[in-house]
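Student: I have a protein model open on my screen and would like to learn how to read it. Could we go through it together, one question at a time?

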Amino acid sequence: MKVHVTDLKHGDCLMTDTFNSVGLHVLPKKTVVQSEEISILIRHKIDYVDIEPRTAAPEENNSGLGQDLKGNFDTAIQNYEGLFLEALAKGSFTQTMVDSTLQPVLETLDERKDVVSLLLLLERDDIDTYNHSLQVGLLSYYIASWLGHTKAERYEISRAGYLHDIGKSQISPSILGKQSPLTAEEEEEMKRHTLYGYDIIRKSMADETTALVALQHHEFEDGAGYPKMIRKNEIHPYTQIVSVANVYMGMTTARGNRPKQGLVTVLRQVHELGFGKLNGNAVQALTSHLLPNFVGKSVQLSNGETGIIVMNNPVDMFKPLVKVNDAFRDLSKERNLSVEEILV
């Protein structure tokens, strides 16, 4: 069964040894294809490969709104991988695929007021660039909504969040997937994904603002970011929103030797970054709208106890009232206790 490399699916198995145009052995027979193998084939300019016949996957039970949304998210993540591989192969992507993927997902978001449950629904054990990009796009949509942007603006901001990391398609998989700390040279190459992203989007779309967000999403208001080290007044308003979503979602992901952090812990850290690093209005919109959604959620406290948040504290928003069994713990008074994790 011969397929184009951009049509390969995770789990496909190569039927024959694969060689590039100069006869170099690239991948052996029986290789099970994942993202890294697809990238290798594209980098060697191999267009078609022979794979073993695919077996039909069993149909999943997608009953319930949560399962339907999860299916939509999975499709959006898979389609982003297609965009990523297209950008790797051609240096550009098809904008219509972005719009046809993202618009149906965003149409469901207005019906989902419980953003915390949505974020928990998006959680995966193996967060990659594809999943992270969807997370940032969806959270950017909500922040834009909370800040009063029109529906058309919310879509543009969400799309910019969805595409903010497309430049990573030009970064070597050995750097993207490295678990140990990057070397200085690798770190500099990783930072170039912002420049690559700008160029790819400019080649793919007429919307320069989306490209500008890709270029600026690691800039900080105090000038300590990259690649241009610009300050607050030079950062596009759309970037200010996407940057908050990017930092928040990035902090909730385990990376290398850094363990995964809970939503509340990360929200507290992002709140602190709103004083000089990230845009204060976007951060305030995030915290003020997420925190009410924590009420009624099961949580784990720093002492290992589990309970349910029953009331937020208007004075100290990160110290709620928590019911543990038949007792109540007021974290504003028990200062040594904190909410560590929201439980599904």
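Tutor: Gladly! Keep in mind that this is a predicted model.

Student: Which residue forms a salt bridge with Glu 305?

Tutor: Look for a side-chain nitrogen beside the carboxyl oxygen of Glu 305; the closest N and O atoms are 2.6 Å apart. The partner lies in strand β8 (residues 327-330), while Glu 305 sits in the loop between β5 (298-301) and β6, so the pair ties together parts that are 24 residues apart in sequence.

Student: Which helix holds both Lys 191 and Glu 188?

Tutor: The side chains of Lys 191 and Glu 188 meet in a salt bridge of 4.0 Å, N to O. The two residues are 3 apart, about one turn of the helix. An α-helix has 3.6 residues a turn, so residues three or four places apart point the same way. The helix is α8 (residues 184-191).

Student: How many salt bridges does the structure hold?

Tutor: Besides the pairs above, Lys 178 and Glu 186 meet in a salt bridge at 2.7 Å, N to O. Salt bridges that share partners also join Asp 99, Arg 159 and Asp 207 into one network. The count for the structure is 13.

Student: How many of the 15 residues of α11 are buried?

Tutor: Helix α11 covers residues 237-251 and reaches 22 Å from its first C-alpha to its last, close to the 21 Å expected. This helix is largely enclosed by the rest of the structure. The number of buried residues in α11 is 14.

Student: How many residues does the largest nonpolar core have?

Tutor: In soluble globular proteins, nonpolar side chains tend to be buried together. Here, the residues with the most contacts inside the largest core include Phe 93, Tyr 248 and Phe 294. A second, separate core of 15 residues includes Ile 42 and Val 49. The largest core has 70 residues.

Student: Is Asp 12 buried or exposed?

Tutor: Asp 12 lies in the loop between β1 (2-4) and β2 (18-19). Leaving aside its neighbours within four places in sequence, Asp 12 is in contact with Thr 31, Val 32, Val 33, Ile 51 and Arg 54. Its relative accessible area is 6%, so Asp 12 is buried.

Student: How far apart in space are Pro 173 and Ser 39?

Tutor: Pro 173 lies in helix α7 (residues 173-176). Among the residues Pro 173 touches are Glu 36, Ser 39 and Arg 43. Pro 173 and Ser 39 are 134 residues apart in sequence, yet from C-alpha to C-alpha the distance is 7.5 Å.

Conventions:
Residues are numbered from 1 along each chain as its sequence is written. This is a predicted model: local features need pLDDT of at least 70, side-chain atom pairs count only at pLDDT 80 or more; totals for chains, interfaces and linings use all residues. Side-chain values use heavy atoms; hydrogens and water are left out. Helices (H or I, at least four residues) and strands (E, at least two) are DSSP runs, numbered from the N terminus. Contact means heavy atoms within 4.5 Å. A nonpolar core is a set of buried Ala, Val, Leu, Ile, Met, Phe, Trp, Tyr and Cys residues joined through side-chain atoms within 4.5 Å. Buried means under 20% relative accessible area, exposed over 50%, partly exposed in between (1.4 Å probe, protein chains only). The expected span of a helix is 1.5 Å times one less than its number of residues.
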